[in-house]
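Here is a friendly walk through one protein model, with the geometry spelled out as we go. Please keep the viewer open while you read.

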Amino acid sequence: MTIAVIDASVAIKWFFTEEDGEPYTAEAYSLLSRIVSGNLKAIVPVLFFSECANVLWKACRLRGFPNEAATEALNNLLLINLEVFNDKEFIDIALKLSIKHNRPVYDCLYLAIAEVSSLDLITADEKFYNALKGLYKNIKWIRE
């Protein structure tokens, strides 16, 4: 079984389609299928759920995504078998990475978990990926 850290930019694509203007949903669905089938163990920080809920809220507010659909999406997310790591254990490393690379702490939290755990980080956050891909070999683009 493969083990990897996945960030919220990947998971949020599970609730939208390419027609919604959300790129790389097919790749995200493929990862979800691997998680559900037990072929991929996905690691996330506690923050992951707040980030996903915030994106769903924004979709309701800015894109007309139905409130009921957002609630259902969040409830479905909570049912997925994800291994949740305590943010507190990695926040100091995340802050150091954030300062070093001028990236948000919440993005660097995923990287901190991946680095400490010697795991790949799978992301669909293009700005984050492009900023750090040459510096960390374990950052993987969703299409890799």
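Predicted model: local features only at pLDDT ≥ 70, side-chain atom pairs only at ≥ 80, totals over all residues.

Ser118 sits in the loop that runs between helix H6 and strand S4 (120–123); helices (H or I, at least four residues) and strands (E, at least two) are DSSP runs, numbered from the N terminus. The phi angle of Ser118 is near 55°, a positive value in a residue other than glycine. With 67% relative accessibility, Ser118 counts as exposed, where buried means under 20% relative accessible area, exposed over 50% and partly exposed in between (1.4 Å probe, protein chains only).

Residues are numbered from 1 along each chain as its sequence is written, and side-chain values use heavy atoms, with hydrogens and water left out.

Tyr24 also has a positive phi, about 65°, although it is not a glycine. Its place is the loop between H1 and helix H2 (25–37). At 19% relative accessibility, Tyr24 counts as buried.

**Around helix H6**

How do the axes of H3 and H6 cross? Helix H3 (residues 47–63) and helix H6 (residues 105–117) have axes that come within 11 Å and cross at roughly 135°. Axes are lines fitted to C-alpha atoms, for helices over the stretch in contact, and angles run from 0 to 180 degrees between N-to-C directions. H3 and H6 are therefore oblique to each other; angles under 35 degrees count as roughly parallel, over 145 as roughly antiparallel, 65 to 115 as roughly perpendicular and the rest as oblique. The crossing of H3 past H6 is left-handed, a term used if the near helix is turned anticlockwise from the far one by less than a right angle, with right-handed used if clockwise. On the H3 side, Leu47, Phe48 and Glu51 meet Tyr106, Asp107, Leu109 and Tyr110 of H6, contact being heavy atoms within 4.5 Å.

H5 is another partner of H6: their axes come within 8 Å and cross at roughly 115°. H5 passes H6 in a right-handed crossing. Residues of H5 including Ile91, Ala94 and Leu97 meet a group in H6, among them Val105, Cys108 and Ala112.

Pro104 belongs to the loop between helix H5 (91–101) and H6. Pro104 is partly exposed, at 29% relative accessible area. Its C-alpha atom is separated by 9.2 Å from that of Phe128, 24 residues apart along the chain.

**Charged groups**

Side chains of opposite charge can pair when their charged atoms come close. How many salt bridges does the structure hold? There are four, a salt bridge being a side-chain nitrogen of Lys or Arg within 4 Å of a carboxyl oxygen of Asp or Glu. Some of them are listed here.

| Salt bridge | Closest N to O |
|---|---|
| Lys13 and Glu22 | 2.7 Å |
| Glu27 and Arg143 | 2.9 Å |

The Glu27 and Arg143 salt bridge links distant parts of the chain, with Glu27 in helix H2 and Arg143 in the segment after strand S5 (139–141), 116 residues apart. Arg143 is exposed, with a relative accessible area of 55%.

Glu83 is partly exposed at 30% relative accessible area, and Lys41 is partly exposed at 32%. Salt bridges that share partners also join Lys13, Glu22 and Arg63 into one network. Both Lys13 and Glu22 are buried.

Asp7 lies in the loop between strand S1 (2–6) and helix H1 (8–11). Apart from neighbours within four places in sequence, the contacts of Asp7 include Phe48, Tyr110 and Asp125.

**Tyr29 in helix H2**

Tyr29 is found in helix H2 and is partly exposed, with a relative accessible area of 33%. Not counting residues up to four places away in sequence, Tyr29 touches Lys13, Trp14, Phe16 and Thr17. Tyr29 and Ile142 are 113 residues apart in sequence and 11 Å apart in space, C-alpha to C-alpha.
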